[in-house]
Amino acid sequence: PKGNPMKRTYTLPEANQVLRLVRVIAAELVERRADRRQLARQREQLEDAVTPEGLRGELAELDAQIWAHDEALKRCQDELEQLGLTVLRTNPLTVHFPGTSRSGEVVFCWEEGETSVCFGHAVGEETHQRRPLRVAKGA
């Protein structure tokens, strides 16, 4: 059931909390992205190796596997969007969290491999270089 993605903003601690789930989804996405790349490479090699018998069946099998990965990758992206997040790009996987900080609205930015949300953008500058977040000491 496709509901509307949650319209919400995250504080930095909340963004880091939901990051646990994001990283689980991201791990699947990254693994499937790699598997899909491998399958596509296999398919290319098969097509180049013009071998007649059984080739059509093998290509169809690879196409089916690639399609399954595409569907799963779409599902991963949908799950992230259901959390109210935006997938900026899938390689490297980069996810934006609509956020709030003491200075107002902000967009927190996480990239695959990072252990916490520690970068962000000013609202409206999501495609610009992300900046390290200044975390207030002792606040």
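Because the model is predicted, local features need pLDDT of at least 70 and side-chain atom pairs count only at pLDDT 80 or more, while totals for chains, interfaces and linings use all residues. Residues are numbered from 1 along each chain as its sequence is written, and side-chain values use heavy atoms, with hydrogens and water left out.

Let's start with the sheet. Five strands make up an open sheet in the order 1-2-3-4-5, with antiparallel pairing. (Helices, H or I with at least four residues, and strands, E with at least two, are DSSP runs numbered from the N terminus; two strands pair if DSSP finds at least two bridges between them.) Strand 1 (86-90) and strand 5 (131-132) sit at the edges with a single partner strand each, so one side of each has no neighbour in the sheet. Strand 5 runs antiparallel to strand 4 (residues 119-121), and 2 bridges join them. In one of these bridges, Phe119 has Pro132 of strand 5 as its partner. Helix 1 packs on this sheet, where it touches strand 1, strand 2 and strand 3. Touching, or contact, here means heavy atoms within 4.5 Å. The direction of helix 1 makes about 170 degrees with that of strand 2; for such angles, axes are lines fitted to C-alpha atoms, for helices over the stretch in contact, and the values run from 0 to 180 degrees between N-to-C directions.

The loop between strand 1 and strand 2 holds Pro92. A cis peptide bond links Asn91 to Pro92, with omega at about -5 degrees.

Next comes the inside of the model. In soluble globular proteins, nonpolar side chains tend to be buried together. A nonpolar core is a set of buried Ala, Val, Leu, Ile, Met, Phe, Trp, Tyr and Cys residues joined through side-chain atoms within 4.5 Å. Buried means under 20% relative accessible area, exposed means over 50%, and partly exposed is in between (1.4 Å probe, protein chains only). The largest nonpolar core has 22 residues, and the members that touch the most others are Val22, Leu85, Val95, Phe97, Trp110 and Val117. At least two residues of this core come from each of helix 1 (12-48), helix 2 (55-82), strand 2 (93-101) and strand 3 (104-111). Helix 1 gives the largest share, 8 residues. Leaving aside residues up to four places away in sequence, Phe97 has contacts that include Tyr10, Val22, Leu85, Phe108, Trp110 and Val117. Another core, of 6 residues, lies apart from the largest one, and Leu46, Leu55, Leu59 and Ile66 are among its members.

Helix 2 is worth a look of its own. (The expected span is 1.5 Å times one less than the number of residues.) The buried residues of helix 2 are Leu55, Leu59, Leu62, Ile66, His69, Ala72, Leu73, Cys76 and Leu80. An α-helix has 3.6 residues a turn, so residues three or four places apart point the same way. Helix 1, strand 1 and strand 2 are among the elements that cover the buried residues of helix 2. His69, which belongs to helix 2, counts as buried because its relative accessible area is 12%. Beyond residues up to four places away in sequence, His69 touches Arg32, Asp35, Arg36 and Leu39. After helix 2 comes Gly84, with a positive phi near 85 degrees.

Finally, the charged pairs. A salt bridge is a side-chain nitrogen of Lys or Arg within 4 Å of a carboxyl oxygen of Asp or Glu, and by this rule the model has 10 salt bridges. In one of them, Glu14 pairs with Arg8, with the closest N and O atoms 3.0 Å apart. Glu14 is partly exposed at 34% relative accessibility, and Arg8 is partly exposed at 32%. Another salt bridge brings together Arg33 and Glu112 (2.9 Å, N to O). This pair links distant parts of the chain, 79 residues apart, with Arg33 in helix 1 and Glu112 in the loop between strand 3 and strand 4. Arg33 is buried at 15%, whereas Glu112 is partly exposed at 23%.
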